[in-house]
Amino acid sequence: MKKISDEHVDFTETRRKTLFRQKSARVASSYLRRVAALGNLPESAQPFLDVLKQIFIDFQPVSILSERKTVGTFCLMVPPELVEAAGAAPVRLCSGSYTAYSIGDGLAPRDACPLVKAVLGMEEMGISPLYRDCALLVIPATCDCKKKLAGLLEERRPTAILSVPSSKERDADTEQFLQELYRLVPVLEQHTGGRVTAKTLADSINRRGYAQYEMTRFLTFRRNVPYLLYGTQAMAVMNALSYMPALE
């Protein structure tokens with residue numbers, strides 16, 4: 001009887017994950033169809049939409065795009081340049097998935113924000129390689145919810161907390177954040193197998209700077225009158241950039 005019960009549990013969990021994957025892919029497909037239906041999208045934007053399809057519909061690992069280990073980051077406070085200098089690919093994990101939120105709602109404290117619940121939902125399902133394959137998660141402690149998220153994820157996988165000062169106006173605040181980055185370096189090296197040097201960091205800063213410059217040029221399409229690009233299309237390209245390596 002126990003064996004039958006275990007098999008039933010396994011079947012139920014498998015079914016649950018299958019439905020989660022199907023619904024997540026369906027939502028992502030609907031979003032990309034809406035982006036395409038708006039029209040006037042530059043041909044050069046298609047590779048960015050292909051990346052979103054590969055990750056959120058086909059569930060391919062991000063490592064296919066960069067051939068490197070990945071480090072999951074939350075918000076903008078974790079410098080992607082530092083992750084790349086360690087030989088890894090930074091990927092943004094600030095999930096906005098309502099499908100994942102509905103799963104994480106039962107795992108997080110009642111007063112936790114939707115971001116925390118969606119992230120925990122993704123972690124619980126273990127379907128998306130975007131979340132599942134990260135060698136390390138780096139969470140900036142910018143609010144109580146992020147601190148709680150870090151504590152919950154630490155129980156499941158390697159997680160580093162990056163303390164962020166509440167202000168950047170004083171020299172002491174800058175020094176505090178700099179010390180946090182120095183503390184993060186050996187943690188990154190431990191989990192990526194790479195080594196942060198002056199050269200790798202300088203190269204990474206140059207690549208990221210060039211990518212940000214090109215993105216700024218891309219966004220000038222939104223400043224034309226009449227505008228040449230819809231906001232939904234611009235956001236799709238910007239989102240895809242969070243999972244793509246910065247090229248030379």
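Student: What is the relative accessibility of C143?
Tutor: This is a predicted model, numbered from 1 along each chain as its sequence is written. Local features need pLDDT of at least 70 and side-chain atom pairs pLDDT 80 or more, totals for chains, interfaces and linings use all residues, and side-chain values use heavy atoms, leaving out hydrogens and water. Buried means under 20% relative accessible area, exposed over 50%, and partly exposed in between (1.4 Å probe, protein chains only). C143 counts as partly exposed, at 33%.

Student: How many disulfides does the structure hold?
Tutor: A disulfide here is a pair of cysteine sulfur atoms within 2.5 Å. The sulfur of C143 is too far for a bond, 5.2 Å from its closest cysteine sulfur, in C145. C113 is in no disulfide either, with the sulfur of C145 4.3 Å away. The number of disulfides is 0.

Student: How are α10 and α11 oriented to each other?
Tutor: Helices are DSSP runs (H or I, at least four residues), numbered from the N terminus. Axes are lines fitted to C-alpha atoms over the stretch in contact, with angles from 0 to 180 degrees between N-to-C directions. The axes of α10 (residues 198–219) and α11 (residues 231–241) cross at roughly 170 degrees. Angles over 145 degrees count as roughly antiparallel, so the two helices are roughly antiparallel.

Student: Which helix has the highest mean pLDDT?
Tutor: pLDDT is the predictor's confidence in each residue, from 0 to 100. The protein chain averages 85. Helix α3 (residues 63–66) has the lowest mean among the elements, 66. The highest, 94, belongs to helix α4.

Note on methods: Angles under 35 degrees count as roughly parallel, over 145 as roughly antiparallel, 65 to 115 as roughly perpendicular and the rest as oblique.
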